[in-house]
Structure formats: C-alpha cells, structure tokens
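Please look over the sequence and the three-dimensional model below before reading the report.

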Amino acid sequence: MAARGQRSAKRRSGCFLVMFSGVKPDKRSKVKGITQLGSRSSSSSSHSSNSNTTRSNSSSGSGGSSSSSSNNKGGGCKSHSGSSSGSSSGSGSPPAGTPPHTQMASHESLNSESKSSSLNSKLGHESGGSPSPPKSACSSTSTTSTDHHHTNHQVSHVLTATSKMTVRDGSRTLRPDEPPLVPGEQLEGTAREVTYLCPYVGPKKGTLSVTNYRLIFRSPETDPPFELEVPLGVVSRIEKVGGANTSRGENSYGIEIFCKDIRNLRFAHKQNDSQYSMHLKRDMHISVFRRYRVRHNFAGYGASQTSEENHSRRMVTEKLLQYAFPASHKLPFFAFGYNEQYQERGWSVYEPIAELKRQGLPTESWRITRINEQYELCETYPAVWAVPAAASDNDLRNVAAFRSRGRIPVLSWIHPESQATITRCAQPLVGVSGKRSRDDEAYIQHIMDANAQSHKIFIMDARPSVNAVANKAKGGGYESEDAYQNAEVQFLDIHNIHVMRESLRKLQEVCYPHIDNSHWLSNLEATHWLDHIRCVLSGALRIADKVESHKTSVVVHCSDGWDRTAQLTALSMLMLDGYYRTIPGFAVLLEKEWLSFGHKFAQRVGHGDDRHQDADRSPVFLQFVDCVWQILKQFPHAFQFTEDMLITILDHLYSCLFGTFLYNSERERIEKEVKTKTVSLWSLILSNKADFENPLYSANTKHHVLFPRTSMRHLCLWDKYYCRWNPSMRQQEPVHIRYKELLHVKEQLEKHVDELRKELAARQTHDSPRVASAIV
Amino acid sequence: MNSHRKGTPSARFTTYIDFEEINDGLTTVGETVPLRPIDVPEETNVDEEKIEPHLLPGEIMIARANNVLKFAPLKANRTGISGTLFVTNFKVSFVTSLPVETKERDMHSRSLQNRFLGVHDVCLSEVDMVNQFSEDSAKKKRLLYNTQMPPRLSGLQLVLKSLRVINFSFKFTPTGEDIRVAQALLHHAFPTSIDHLFLSCGYAPSSPGIPDFCRPADWEHELQRTRCPNWRVSKHNEFFNLCASLPTVLVVPRDLLDAQLEQAAQHFQGTRPPVWCWGTPAGAALVRMAQISPSITDKQQENRMMGLVHRCHPMRLQPKIFDLDQILPSLKEIQISYIKLRELHTPDDPTQFWEQDRHYFSRLESSRWLSHVSKCLEVAQNAATAILHQNSSVILQDASGCDLSAVISSLVQLLLDPHVRTIRGFHCLIQKEWVALGHPFTKRLGHTRNQVEEQSPVWLLFLDCVYQVSLQHHTALEFTSEYLVALWHAAHCSLHSSFMFNSVSAKYSASDVLQRENPQQPIYLRPVWSWWAENKSIIENEQNGSDEEPLDCKTSAREAFLNVHYIQKLFKSLAISGAVRRISDPLSSAYHTWQHIDCLMGETRQLPYDPATPIVPLQLDGSLRLDTSLSNLRPWLNCFCAWLSEPAMLTLNDSESLLKDSSPASHHWSHIHEMYNTMKDLLSQNLTNGAAQ
C-alpha cells in the first residue's frame, strides 16, 4: 500500500510538469500487464531503427551538421555508437520500421543492453552531484536486463499515460538512446548531435528520436541526462529555420516546432566546432553559453559534415512531419495502434440511456427517442435524445427543418425537483425576412409546459446581440419575443471561435517563453483571455441561477450549438449537479455535452492536420476546462478530482494516444469504429483513479449548487497549465498535497500512540515498577 | 437621551421600495434584476427606549439620528436596514435589531476590536472620508471638518481606512438630526491632536506578555538571544533628551561612549543615531540609520558610525549599506499608489464595480502597488543574503530612519529568524521595529487632521510583503493572512494604542495629558496584542442582533488567525518514531513541541506560546527564499476586498442548496483537532497511571 502511495505521488509529480531525476522505476514495476515481450520489442526497435537511419543514405540535406563521435563519453552511449557504426555501411533502403529487423536485433540486444545499463549505472554513481541522485533507478537497472526493461517500460507506460508530454525542461535519469516505448509505438528515426535550444537553460546537445507517437530528445550533457518528450499530436506546425542566406553561426540551421500546448521547441542541426563543445562540456553555465554563442556567430563554421549525419537528420525531419500530421499523410492516428491494456474499460463510462435514467427520465413530460438512430435527422447529434413528450416525431422533423443543421432543442439536464430543464440547440433559421415556424414555437412552448413551476422560459443566446443580428443575413438569427410567447431572449455576449483563438495566441506570447514582469498584469489583461473566461462563467452562472433559483427552464444556443452552447450547458450542469463533479460524472459530462452532441474536436484541435492556419481551429474546449478549473479553485471541496486530471485531459486532447477526442461527431466515431479500435482516455483515468482523486473532496457537497464568483479579480490565470514550461513561474504547492501529508502524519501519530498504549497496558498487567519511567 | 419617540417603528423597517431602480451594472446582458426584500423578521415589539449604543467607560454620546437606513454594500442603495445612528466621542454606532449580513458578521468576528465594538460600530479614527450623496443624483460631495453644512442631508457615505464603504440614508430621519450627526462625526473623526482621540477605556488590559522594548531587559534579552557580539545597551536616551523618536533604551556599538553617541546624534535627521536592531551569532548586525541632517554637509559623523559598525564585526568585514531612499519608492509614491488602490476597491455602486473590474489587472498594475511590494521584497532578500551568506553587517539607511528601514529590517528578520515567524515572535518584531523604534503611525496613517501631506501607508506595505511571504511559504508562518488583515484594521482603531502614536515618547505624553484630564480615572492604553489574552467580550450578545451567534468568535477567530499548516508541521515532528514516548520529558524537543501545540489548541491556555526560559538562542537554519518577480506576486484580495463582496449577479443569494464558501482549511482543522484530542487522551491516561504509582 505504501509503495502504491509513493508511486502515485511520483506519478503526480510527473503531472507537475517538472520531472527531475527522482523517478523510481522499481516502485512502478508491479503495475499490470507489460511483460518481457513488450520490453524486448522496445529495445529492439530502437536498434533496428538505428540501423535504419544509417542505412538510408542517399543525398545529404541542406541542414548543416558535422562530424559525429567525440561527445559520447557515457558507457551507454558508447555501446550504442558502436552498434550504429557497425551497421552504417547500409544501402539506401526506404526507412520503414520493418519487423524482420526488430526480430533480429532483439536477440543480440539483451546482452549489450545489460552491459550498457550497468555501465550507465556506474556512471550515474560516479558523477553524482545532481540534486537527487538516481540511486534506486540505478540499482534496479543494474540487476538484470529484463527486469530493467520491464521497469523502464512501466515508467513509460505510466508517464505516457498520465503526463509524459508534460515533462518540462527538466531532466530525468533514463539511459540515453533507449527510449521506453508505449505499446504499439515504434522508433522511426534518430538524429545525433542535435542541439535543443531551451529558452530557459540554454542549448543542450543530444539525440533526437522520432517514433510514430512522439519525439524524444535526450542530452547526456547534464547529470542526470536532460530529457524532453513530446507527443507529435501536440505539434501544430513545423518550420525549418535558417538556410544558405542566413548568418552562419552555430545553431543557425534547424527546425522550430510550434505546439498546441503553449510552447515552441527549437532544434538546431548545425554542429559547432570542437573548441566550443569543449567549453560546453566544461561549463554548463548559461552566461557562458551566451558569450560563446556570440563569438561563434563571427567565427564561421567548419564544413566537415558527414553526409551520414545529414541524412539521418533529414529523415528525422521527414518522419516528424509524417507522424505529426498523419491525417495529411493518409496515415492512421497513433490511437489506432496503441494497444495498452487497462483494468477499466473507459468506453462504457457513458451510456446515454443510463444517464437519462439517472436524471429521472422518462417522465410524464419528457420521453426518450431514437429518431436519430441512423443520424439521418441530424448528423451531428447523438442517436438518443430526450425531447418533450408532447412533441411527436413528426413535430421533431419539422422543428429540425427550422433549426440550423437540424440541431433542435434537446434535453441536457432536468432539475430533479422543480423539473426545470436546460435544453440545447442551434439558432433558428429566421433570416432577414424574419421567418417563423409554428412547429418550433409550439415546441418551445412544450418545453416550457413540461415545467409546471414557471410560466416563462428563457432563451439564452450565447452570442453578443450584434452577432446574433448579423447572423440573420446568413439565414440564421434568434427567436423574436413576439413569436415566442412567454419566452425571454437574453444575449450572453460570448465571442466567437476566431476571437478566442486570437486571444489564446496573445496569451501564449505573454506566457512563453519569457514573462515581461513589469507589464505582466496589463499584458495579461490585453489578451482578454480572462475576460472571455469571465463571460463564459457568468453566462453559465446565469443559466444555473435561472434553473435553480427561478425554477425556470432555459434553452441555450449560439450559432451552431456546438461551441459556446456546449461550454454553457456543461458548465451550468457542473454547477447544478454534483454528480458531474465526480470523476466518472465528469467523464459522462464530457462524453455527453461535448462528444455526443458534436463539438467538432477534429476541426477545433486540428488532429493530425498540417493546415495550422485553418480558421476552424479554436481553443473552445480548453476554455471550458479553464472555467472548470476556476470553479474548482473557488470550491476546493466540491470536486472529486484535482487539476491534474484536467491537465491530463488537455494533454490527451492533443496527444492522439486515445480515441476519445478524435473526429467531429458521434456518427464519425461510429463509422471509424473508434470504440473497438482505440483505447478511451477514461480507461486511463478510471484505472488510475487514485492519482486524480482530490483528498479534500467531501461527498456531501454533491447535493449543493455552486455559484462561483465571476468578477475579474477573483479569476486568475491557470499558471500551472499555461506557464508550466517556464521555470521562473513559481508553482504553488497544491493544498491537497499538504492534506495528504496531514493524513499521513495523523496515521503515524496514531500508530505511535497505540503502540505506547499497548506497551503501557502490558506493563501495568505485569505490575512492573518501571511503569512510570516508561511513560515519562 | 433615550426619550426620543418618533413615529416610525424603525426596528421592523425594511426598505428599498422608495428608491428608484438603478441599473445594476449588468448592462451587457440587459437584464434587470427584480427587487428582492431582505428578510423581514417576525414582528418584534422592540421598545424604542432600549435602543441605545453600548458605551465604554468614559465614552460620551454626542448625537443621535432616528430612522436611518444603512445600506448593504454595493446593493445599489436599494436594500437597507433601518435603525438608529449614534455618534459618540469614540465611534459611529448603528443600532438595529435586524439581522446582520453574514459578511459583516464574519469580518466582525475576525477583528481585533470585536471585544469593544458591535458589528455595526465603526471607530471614529477609522473614518477616512465622509461624503454626502443624494439619491436623485449620482454626484457625491466630500465633506470636510470645516465644510459648510447644507440644510438637509439625504445621505452620508463613510469611506473607512480599511477600504470599506458604508452608506447611510436620512430619508426618513427627522429634520435636524441628520445635520447634528454629520457635524458631530466630522468634528470628532478628524481631531487636531492625537490626545483628542478616544484612547482609553476603563478596563485594564490583560497582560499579553509581549516585551515593549522600552526596558533595558528587553534589549538585553534580544542581544542574548541573537548572541550578536560587540554591542551594548545604552540608557542615554532616558528622558528622550537624545532623540524623541527612539525608546529610552537603545543598542549601540560597544566601543561607542555615550558622549560620542550624543555628539553623533546631532548630525542625523531627527537627532536619531544609528541603532542595532538584530544580529547573528556570527557577528553580522542589522543596523538602522537615518540620513545626515540636510543642514549638515560634514559626513564625518556618518562615516564614523559606519566605521564603528565595521569594527563591531568580529571578523572586521565591511558592512553593506542599503540606501533605501535611492532604491525604494518614496513615501509619496507609496501614498499615491495607495490612493489609486483605494479608488479601485471602494466603488460606489455595482456599475462602477463592474466597470473597474473589467480593467482590474491593468488598474492594479498602474497603481504600482505590487511593484513597490516587489521592490521591498527584493531589497529584503538581498540584505538577508548578505547577512546569511556573506556574514556581513547590513546598514539600512533612510531619511528618517523609521519608515522604509522598518519595512526592510522587519522583512529581513522574518526571512532569517524562525522565531519571528511565530505569533509571539511577530508581535515582538512589530513592537521592536515599529512601535519602540518609532514608526510615526500618527503621521503616516493620518490619525489627526493636520498631517495630510505626511500620510503614507508604509505599514500596509509591510503587511502586504508579509502576505506575499505567507503565500510563497505556506507552512512557515504561525499566523494566517487573515491575521495580517486584522492587524491592518486594528491600526486604525484608537482602542489599540500600539499603532496610534509617532513614538514612545508621544505615547507617554498623550497618556499624561489623559491622566491630567481625568485624574480620578485610571488610564489604560491597550496594546493590540492584548486581544489574544482577552477572553470576554464586553459587548452584550443582543447587540449583535441575532441569537444564532453565540460569542464563540474567539475560537473561530483563533482558527482564522492560526495557520493550520504550521500546526501540521508541529504534529509532523511529533509523528516521528519515538517522539511521543518522550513527550513528558521536559528536556526533549517533543515536550516543547507539545507545549506549543497545547498552547495553540487548548481552550484555557493563552496565546501566544512563549517558549520563554531559558532563552532559546537564534538558529539560522530555515531561511526563506522569496520569488520577488511581479508575476509571482498576488494582489492581497482578502485585505483589499475584505468588505467588498461581489455585487449580486444573482437574484437569490441565500438558497438552501447553495454551497457556501467554506474555508479551505476546515478539513485540515478537523484532523488537527482529532490528533490533538488523541494526544490529550494519552497524556491524561499517563498522568493517572503515574498517580496510581
């Protein structure tokens, strides 16, 4: 139990984005099912692709580079460089990860692996001086090679699962050149002597590997080695930097990777002269880097480049582009290859009928319909709806004709006592001529009538009223209060996806890589990010207030009803219903309000798509999660999960490791057989529930309604997400960590007290004369 | 006095009806929130004669107005409660039998003057501005003590120094009473001299046991505790003949003769010689020094004093001199920032609130307050580093030697000295650096009307710095930021003498004046620390207007003031193996830890915990490091917005099902209590067993 606790703590520390060397694989080794098979394949694949990279020598690329060798000094590196040079005389075969090679390599690898790992562990011991020497890791790795693979693999599994991509520019102790891979992952290319230009700790030289899932950069320069792992799903665009005409300094050639998770990575290909590397090795101080970099800008660069090196780099770049944008390269998402086994089956967390039944449906006034079973009436809606019982199927069809994209008002949530409801839909097709639909008007009336408590209904239009009016020109618009009796239309003033995208772009400029302290607050304000958060939150609050306090039903829509509407309904449901604040409940909320009702994740995120300027991309979901975080921050006892779960969800929104967020609608997911061919994110979360659980959660808040404060001064930037790459941003120790410590202290204390009591009782029965001294 | 009988049954009166609807600021959404009455209590036959404020001994009632409406803050002057308004020579008292807003009750229970003031009472010295407003126009007009009164006042707005706004309406008040109340208020709230403030009340303060640093023994104790060599206590200022802003006792270099001291003092501003205030066993001393008088061009004495500090160091290391006037914002800049801060946090109505809120961050930034805080923290951090890592003495020099040097000196000690992070140590620190060494509170906080241009809330700046420390080091301080808020509020209440005077000598003379005026009555000047030792409120329960509040505010305030994470740390050291076993052994550290816990948690024991004898020597082990960049500082919302609740966006605030903000520490407290009880059980069992032996 203790081991498990420790493990989970470690894993959580992974979530905190800084991964220093204290990773203890031995503690993790007992997690389920990865066997030697997996580990063998992981080690072998690294070898095979090593040979691949060297074999595919064709022409040298434009990217600068230089001689290899020289910098390898660790034992682990040596063994590898040996193996790669041995097979370097290959021909130009296409660089595909071919199974025969992996099989071959796996046999011989075991021995060399064990050697290298023990060497490496020795190295680790000798060089010391790191903040927390990775003793346990070393001792465990040096025992047997299989054990080592096994544990290493577990590390990868666990970390990938929760937070691999959240590795900040910190470092971890894993052997260089030996990336632990997740099941289904394959090493596709490796480039040596690449410099990662870290904006915080200066350039790092090391090896860049690309798999079909992520890129891995390792630098043995520091102890423990510096490591960076980024799932390729987060890549938004890749740009080549430098060229023939740019100044020929070191680090002037390379690639810049723009990520969706508020950071950019820059890798330089250009190798600098040996003098520089000597200095590099001797002094890691950042100021020294700067000094030398300036000098070398004038020094020019030597042209001794082996075409081999160049080639491997070119190939890595190619592979990077290929696997970062699989959709543009007609490749499947990695999620279809990922075959991790989890205890829990995440796909079964949400059953539409069960969730409606939980809400008490069907009732007298609400029925469940399968009219959209074949996604014919509305292709972006789910198969199962809850609609007013008074409306016939024919009515539904008529209403669908009057609502944009057939997205008619459908039940999201019903108040268990007052029967006041939240329904969601798209805008009515009013147009410039002010069209009306008797059926739609009657339908809204049915929704109102289904709630006996109120003779009024609110229609919340999420847009600013100007935009709503402007939409009339495009055939849309909003309900006129003349046509809809007893309805009051309110505009919630939330801006469209383009405004939000621009706001996030500005926010990234402010947060990454460096923060301008003197104008931090005004810069932050100028991004309007928090302003938009405030709008969304207060809109949701208004809906929750109408339902809870006024017992009035609310219809929510924006233009299409899949962006702002999803934000509003999901947030107000989160405020109103404590079930959604549990871990499975939150999963249900996302599955229902976001996924099944067709928030276009694929378009908004741009999964695997290289059109980074696509106007359909927008951080709508991120904004929603930010709002959840703001509420969580104000009510730390009301949520079963911690912010770590939110960060994990956001990370896997981009990672494409899980099938959950792929594609735009339920229909598309059914077509692509996502449920059978990929793993659900909820499998990961539900299987590791303990890691995401909030110890402060008190279950009796389940029956309460949360009305968060929405003034600007009570909102703050989610620095643990947006500023997590920046080491100068102080990360506050979350209160739930201290609470866990408190529980531990209490347990210990009670143990000691009990021991003492027992001792005391024992002595008393023996009537020993030493009783008094024993106590005092 | 209490024979007023006016027509309206004031106590049952709830009003909002007659006030025109004002846009509540939600113009963006275009919703008008319907009026909702606040709950009207059951018909209670309140006898008008009973309505009378509770007076402290020596307190005199001056004016009274009936049927006054007190508006809930930021409710757009629509919902108010009716009562009677009194002005005494000590406070503005609003008496009503209607229930109190939860926010006000919470704040009241967490104030250091709740023993003496009712929930609707405001000490006169807290009043910062008095404005006149009328309901038909948005304009408000500031009333000064010499303003010509209009014939009729429709409303009065009090802006308090604690960034609180209270609105009273005289719409239903009999003519004449409004003017009388306003005049009394203006006259007594802005006295010409500090001894015109109501400074004493006839209850002897309980002894809090905090040294006042006016006796030689206190300073000797401090020298012994820090084991800082080569400094001595001088009593040369016994009659304040040397310097009026210093206490009678001061610590000076050992080699400095009293005659030389006197000679040197003449060269400094305010004839204030440099004084030692803290040091380390290794010999690094923290010295506060005023600038050379502007009339003196000769720097010889200044150099000589610096040379003496140099020689005091056992290793003869060169002291580091921090010229605070150069590196920190001036007093005037601090005041300008504060005024902007005040504007930002005292909106008149919801419209203004939301308008300000939209630009809250940029307005906060343009006030530059946080950048001042950042600067102070940075300088303190540098000074602490110099002492800790270079073992060099530090001389903090500012114009008067008692403003910014007090901020930095206190912060350095907070960062380096673990004792200062306890409640008791913090009290000692403030008593030493601020009260005894003469921070001019009267001038800086504007307790009297004459010194407007010398106002500057240096004290608030310091408290904000401490707040930032508490944010960055959750477990380091024994007290919470709530306590810091209470200290800021307490600095304006004349009941606490600690923060009223310019210096110790000013306190003595004010006390003399009071004694001469009331020869038959004993004069008690109450230090703010006595709150911890006082157990009984002298305000009757019924005055609070509600029955559901038994006066357990002591315990609730204690929990609000004590840092639960600090106590957790104490328990943690008990939870290591073997510690519990040694808990009754007075020589073990576990024994002292338990005594400490028992003092914090026990019902009967008085705070703060005093490790007392023998002197616990200073240990420089856990120094705190700060991150002073602006992006890592946070606005001190629970001070600036202490009274400012968000204007209701919602129509219903008191739904049963609504989850009220519960303190994030409440879960922690319940476990801490359980652990405490477990330990107590064990100990009592042990004792009975011991007795049986």
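## Overall composition of chain A

The coordinates are those of a predicted model, and the description that follows should be read with that in mind. In chain A the secondary structure amounts to 29 helices and 14 strands. Of the 776 residues that make up chain A, 61% count as buried.

When contacts in chain A between residues at least 6 apart in sequence are taken together, 75% of them join residues at least 24 apart.

## The seven-stranded sheet

Seven strands of chain A form an open sheet in the order β4-β3-β2-β1-β7-β6-β5, and their pairing is antiparallel. From one strand to the next, the twist averages 30°.

Within this order, β6 and β7 of chain A stand next to each other. Strand β6 of chain A covers residues 254-259 and strand β7 of chain A covers residues 264-268, and the two pair in the antiparallel sense over five bridges. As for individual residues in this pairing, Ile257(A) has Leu265(A), in β7(A), as its bridge partner.

## A helix pair in chain B

In chain B, helix α14 (residues 458-472) and helix α15 (residues 481-490) have axes that come within 10 Å and cross at roughly 175°. An angle over 145 degrees counts as roughly antiparallel, and α14(B) and α15(B) are therefore roughly antiparallel to each other. On the side of α14(B), the contact is made by Trp459(B), Leu460(B), Leu463(B), Val466(B), Tyr467(B) and Ser470(B), while α15(B) contributes Ser481(B), Leu484(B), Leu487(B) and Trp488(B).

Asn688(A) lies in the loop of chain A between α25 (681-687) and α26 (689-692).

The side chain of Asn688(A) reaches the backbone oxygen of Leu684(A) at 2.9 Å, and Leu684(A) falls within the residue range of α25, 681-687. Asp610(A), by contrast, is 78 residues from Asn688(A) along the chain, and the C-alpha atoms of Asn688(A) and Asp610(A) are separated by 33 Å.

Note on methods: Residues numbered from 1 in each chain as written. Chains lettered and ligands numbered in written order. Predicted model: local features only at pLDDT ≥ 70, side-chain atom pairs only at ≥ 80, totals over all residues. Heavy atoms only, no water. Helix = DSSP H or I, 4+ residues; strand = E, 2+ residues; numbered from the N terminus. Polar contact = N/O pair within 3.5 Å; in protein donor to acceptor, adjacent residues only side chain to side chain. Buried < 20%, exposed > 50% of the residue type's maximum accessible area, 1.4 Å probe, protein only. Contact = heavy atoms within 4.5 Å. Pairing = 2+ DSSP bridges. Axes fitted to C-alpha atoms, helices over the stretch in contact; angles between N-to-C directions. Parallel < 35°, antiparallel > 145°, perpendicular 65-115°, else oblique.
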